[in-house]
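Hi everyone, thanks for making time today.

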Amino acid sequence: MNPLPKLDTIWVYLAASPLLGLTLTLVAYLIAINVYTRFRFNPLANPVLIAVAIVVAALKLTGTPYRTYFEGAQFVHFLLGPATVALALPLYRQWSKLKRAALPLVGGLVAGSLAAIMSAVGIAALFGASRQTLASLAPKSVTTPIAMAVAEKIGGIPSLTAVLVITTGVFGAVTARWILRVLRIEELEVRGFAIGVASHGIGTARAFQVSEEMGAFAGLGMGLNGVFTAFVVPVLLPVLLRWV
Amino acid sequence: MLRSLATLLVFQCLGESVSYVFALPVPGPVIGMLLLFAFVMMRPPAADALEPTALELLRHLSLLFVPAGVGIMVSAQAVRGEALAVITSLVVSTVLGIAVTALVTRALLRRQRRRLVAAEGDA
């Protein structure tokens, strides 16, 4: 007797309801957090990366389409909204510190954000990427909803931008420690702010795992760069495209 | 906790409305964050009440990116022909973004501190 066909039908039955996608997301995340803790919070063991890998493997193995999975996972995805609103609280707690550093932070934001946008578009253009891909790349350093809205406005592909945003976030969260170490940046507020500006919410999540202060500065960097990018990219991209 | 969650959602709704009414490129939750920030600045006791829920949500911020991250599965094909261009661009621009932000912010912070010390010396 082969029990596998039976297991198959159970999966198909469960996959029909949102229950499976939600359960799979939470269990994969708990496993990822466990791994991350065991590796003593080494950025290479990034929980988003591990959890996504587990879920993708499970979906591929069972031939479950993304759309079916998302029926359940959307409840988790939805919480990104209230979580963004919740960033107001660490911001409030660190306000006196943030206010004193306001001008240096704005200076760093403008320089870092422009460097990221221009190099992203410039390098991809050198490699001969299409205009649509360039437009999808330009807003990739900021949080998903802003980046997707901007991409749509400037002729990019929003779903491609979403993937680029997540990849940028994971890459930034994984490598920030080494980049900042090479540059000998020790100040927690500068470290947090740079991670938030360059790798939005995933970088901010990583910063919160280090300390609340670093998280607050990362959250501020992410928010400021979101607003800055939303206004600057639609104006800047046509200029950049004329050069390339 | 329920009250705090409701408060966060109310501010998200307010943010979405502002973003929609003024046709802003900035999404609702970000405006909601700014509105909530203004609110707790005016009413500090509200911050104490909201804080436990807010921090609990932020502690698991990584979890909230998993569903969108799994989307790579479907959208990865879109750049198949341009994978090298996209990957090089992502890697270099992210490293530059972190490095430039950190270096410029630190340089400006140090300059500000030197000026403050100099001003205190003059006084």
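Predicted model: local features only at pLDDT ≥ 70, side-chain atom pairs only at ≥ 80, totals over all residues.

Before anything else, one definition: when I say helix, I mean a DSSP run of H or I with at least four residues, and the helices are numbered from the N terminus.

Is it buried or exposed? His200(A) is buried, because 32 other C-beta atoms lie within 10 Å, and the cut-off for buried is 20 or more. Its backbone is worth a glance too: phi of His200(A) is near 35°, a positive value in a residue that isn't glycine.

You'll find Phe41(A) in the loop that joins helix 2 and helix 3 of chain A. Phe41(A) counts as partly exposed, because it has 13 C-beta neighbours inside 10 Å.

How many helices and strands does chain A have? The count is 13 helices and zero strands. The radius of gyration of chain A is 20 Å, close to the 18 Å that the globule rule gives for 244 residues, so chain A is as compact as a globular protein of that length. Its C-alpha trace spans about 70 × 40 × 30 Å along the principal axes. Of the 244 residues in chain A, 52% are buried. If you take the contacts in chain A with a separation of 6 or more, 63% of them join residues 24 or more positions apart.

Chain A is divided into two domains: domain 1 is 4-78, and domain 2 is 85-94 + 106-243. The C-alpha centres of these two domains of chain A are 26 Å apart. Where they meet, six residues of domain 1 of chain A are in contact with seven residues of domain 2 of chain A. On the domain 1 side, those residues are five nonpolar, one polar and no charged.

On to chain B, which has seven helices and zero strands. Buried residues make up 42% of the 123 residues in chain B. Among contacts in chain B with a separation of 6 or more, 29% are between residues 24 or more positions apart. Chain B is divided as well, into domain 1 (1-63) and domain 2 (72-123), and the C-alpha centres of these domains of chain B lie 27 Å apart.

So how do the chains meet? In total, 95 residues of chain A are in contact with 67 residues of chain B. On the chain A side, the largest share comes from helix 11 of chain A, residues 158-182, which gives 15 residues. By class, that side of chain A has 67 nonpolar, 25 polar and three charged residues.

Next, the largest nonpolar core, which holds 114 residues. Which residues touch the most other members? They are Ala51(A), Ala86(A), Ala88(A), Ala124(A), Ala138(A), Val66(B) and Ile98(B). Helix 11 of chain A gives the most to this core, with 12 residues. Let me zoom in on Ala138(A): leaving aside residues up to four places away in sequence, its partners include Ile117(A), Val121(A), Ile154(A) and Leu237(A).

My last stop is helix 4 of chain A, residues 66-78, which has a kink of about 55° centred on Gly72(A). Gly72(A) is one of the buried residues in helix 4 of chain A, along with Tyr69(A), Ala73(A) and Val76(A). What covers the buried residues of this helix? The cover includes helix 2 and helix 3 of chain A, together with helix 4 and helix 5 of chain B.

That's my tour, and I'm happy to go back to any part of it.

Terms used: Residues numbered from 1 in each chain as written. Chains lettered and ligands numbered in written order. Domains from an automatic or database assignment. Contact = placed C-beta atoms within 7 Å. Helix = DSSP H or I, 4+ residues; strand = E, 2+ residues; numbered from the N terminus. Nonpolar A, V, L, I, M, F, W, Y, C, P; charged D, E, K, R; others polar. Rg over C-alpha atoms; globule rule 2.2 N^0.38 Å. Buried ≥ 20, exposed ≤ 12 C-beta atoms within 10 Å, placed from the backbone. Core = buried A, V, L, I, M, F, W, Y, C linked by C-beta atoms within 7 Å. Bend = angle between axes of the 7 residues up to and from the residue.
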